[in-house]
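Hi everyone, thanks for making time this morning. Please have a look at the slide, and I'll walk you through what is there.

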Amino acid sequence: PNANYLYGLGNFLLVVFVSDLLMGIIAGSLFWQQHENPLSVTGILFQALFFITLGAIQKIQFQYDVRSILYKHQDAKFFPTWAYVIGRSFAFLPSCAIDSFMYGTIVYWFVGLAYNDGASI
């Protein structure tokens with residue numbers, strides 16, 4: 001890959017990282033230490049799922065935009081469709097992992113959802 005592509009990828013991952021960090025801090029502070037209230041736990045779980053879902057929905061338009069490339073490669077018999085699908089799926093794994101771990105970890109600890117077996121006070 002050329003240097004411009006890698007530079008752009010690094011910038012993209014940095015933007016995803018900062019976005020997840022800020023959203024995690026905002027959502028976590030909104031529900032700060034509300035782990036004992038079931039409605040607050042339900043609210044933050046819904047909000048977290050909604051945030052991750054909206055992030056995934058943003059990637060759908062890009063898939064439609066590059067669909068013509070897939071059709072061109074299929075017509076030229078470059079590779080089977082399953083190889084294209086698996087490759088595209090693996091390409092989005094870094095972004096999805098950053099979303100899940102960065103945002104989820106911050107919200108988990110801010111809200112106070114830490115594991116408690118009941119043995120400690």
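Tyr 64 sits in helix H2, residues 38-65.

Before I go on, this is a predicted model: local features need pLDDT of at least 70, side-chain atom pairs count only at pLDDT 80 or more, and totals for chains, interfaces and linings use all residues. Residues are numbered from 1 along each chain as its sequence is written, and side-chain values use heavy atoms, leaving out hydrogens and water.

Now the overall layout. The chain has five helices and zero strands, taken as DSSP runs numbered from the N terminus (helices are H or I, at least four residues; strands are E, at least two). Of its 121 residues, 21% are buried, meaning under 20% relative accessible area, while exposed is over 50% and partly exposed lies in between (1.4 Å probe, protein chains only).

How many aromatic pairs are there? The count is five, where rings of Phe, Tyr and Trp (its six-membered ring) pair if their centres lie within 6.5 Å; planes under 30 degrees apart are stacked, over 60 edge-to-face, and the rest tilted. One of them joins Trp 32 and Phe 110 edge-to-face, at 5.3 Å centre to centre and 85 degrees between the planes. This pair links distant parts of the chain, with Trp 32 in the loop between helix H1 (3-30) and H2, and Phe 110 in helix H5 (residues 93-111), 78 residues apart. Trp 32 is partly exposed because its relative accessibility is 48%, and Phe 110 is partly exposed too, at 25%.

One last stop: Lys 77, in the loop between helix H3 (67-75) and helix H4 (81-91). Its phi is near 55 degrees, a positive value in a residue other than glycine. Is Lys 77 buried or exposed? With a relative accessible area of 70%, Lys 77 is exposed.
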